[in-house]
Amino acid sequence: MANNTPQAIRGTQDIFGAEAEAFAFVVETFERVRKLYRFRRAEMPVFEKTEVFARSIGETTDVVSKEMYSFEDRGGESLTLRPEFTAGIARAYLTNGWQQHAPLKLATHGPLFRYERPQKGRYRQFHQLDAEIIGAGEPQADVELLAMADQLLKELGIADGVTLQLNTLGDADSREAWRTALVEYFRDVRDELSEDSQERLEKNPLRILDSKDARDRAFVADAPQIDDFLGAEAQDFFAAVTSGLDAAGVAWTRNSALVRGLDYYRHTAFEFVTDRLGAQGTVLGGGRYDGLMESLGGPATPAVGWAAGIERLAMLVGECGESRLEIAVAAESRDREADAASAVTMFRRMGISAELFASGSPRKRYDKARKTDPGVLISMDVREGNNVQNWLATLPEIDRQDEAFRAFLSRWDIPDEDLK
RNA sequence: GCGAUCGUAGCUCAGUUGGUUAGAGCGCCGGUUUGUGGUACCGGAGGUCGGGGGUUCAAGACCCCUCGAUCGCCCCA
């Protein structure tokens, strides 16, 4: 069977049917909401020079060396399939002179690639929605961005069971002071931490805060809080974001353990989290990344953004059935196949969905058509030498049924007793 | 990179402590009931039991390796 057929690449997916409908529903909803908030559409390349991602991501060596899809092109240049949108958008912003549009609200969506082990809601080629506000340093930008995210989740119908967790990482100074305090605190209890967290103490101490290990959690509760290290400006900024969210009617909860691994993040960090997706509970996440543009050689540019996994959103949206067939036409005799085909074409040109059943055993075509549960089932046959048509409507009645019926009657007869 | 579970027809699965020609339902194709009918009945196509090696008189079943899937750990930009 398939022993000679190439297999799909690990972690890629072929999406079809109801799942594909759910996927499309997510994207369509995003496009609609994004226009309400006047975010402008952008399209970027799916690959960039590796340095675009390496420089923006910085020193987190694991991510750069092990988690990216990188390769050399024929000229020997290292290229990388985009693992995120933000770095590519920042590069486009700088290289295309989009500064002239600042503050710029951008939205995009499409495939991303990460060299990871697939698991629930996590693939090597996956798809995200993305929204960014570039060149806006005010907390109102954070609020607007979060309000859009909140409305998106509501319009997708998945807001129940999803909570917005919010934190601040402060400005560069407060962030650094906090980090130092954390390292000191955890170093004192180093031997009682999990093996993973002992490792993290050196590489990425902030990550200890969201460890899943019970041994770590005991200490996390009493760990130094960012609030104790925030300068007045940082405090004001966060207060403005939270009061702005309250004013906008966006519910949120404080999660002081919510962190970002990368250094360019400042101030607001947030995640919309659900308890319905196993280990991959984050449904939409982002934050303020005021330090990113400089790492790519651009001028200091404040920016804030988020991304959301389309697959995960689609899973929450659930079964999004394919739309019902409006009219099925069965040619129950070979002599009526041309008529049936022409009827189907007529309906389609009217903007009504129609499907032709004219293959296989003529006797079974009617049953086959009936199984699709169409709004209207038309059979076309030959009885005693005469062409015969039958029109059967089933509930719920389709839109424009009368119009379709009149159009059909203008070309083919239907006996009176068969009407309704 | 690590761990657990799993891998039999297009799909969902059976397959007894290893025993002879590998099964069912659904789907598909064809044929009956000369019919207004999502029915019923009959027949058919489709499997080197993920792949390779080993144990055995005998392996879909047991052992090893490998590939793949699922879920979790690490990581999460």
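Hi everyone, let me start with Arg117: one of its polar side-chain atoms lies 3.5 Å from a base nitrogen of RNA strand B. This is a predicted model, where local features need pLDDT of at least 70 and side-chain atom pairs count only at pLDDT 80 or more, while totals for chains, interfaces and linings use all residues. Residues are numbered from 1 along each chain as its sequence is written, chains are lettered from A and ligands numbered from 1 in the order in which they are written, and side-chain values use heavy atoms, with hydrogens and water left out.

A side-chain N or O atom of Arg200 sits 2.4 Å from a phosphate oxygen of RNA strand B, and for Lys368 the corresponding distance to a phosphate oxygen is 3.1 Å.

Near here means a heavy atom within 4 Å of the strand. Of the RNA strand B atoms that come within 4 Å of the protein, 45% belong to sugar and phosphate.

What is the make-up of the surface near RNA strand B by class? There are 20 charged, 10 polar and 10 nonpolar residues; Asp, Glu, Lys and Arg count as charged, Ala, Val, Leu, Ile, Met, Phe, Trp, Tyr, Cys and Pro as nonpolar, and the others, Gly among them, as polar.

And which element gives the largest share of that surface? That would be α13, with 7 residues. Helices here are DSSP runs (H or I, at least four residues), strands likewise (E, at least two), numbered from the N terminus. α7 (195-203), β14 (376-383) and β15 (386-393) are among the elements that each supply at least two residues.

Methods
Polar contact = N/O pair within 3.5 Å; in protein donor to acceptor, adjacent residues only side chain to side chain.
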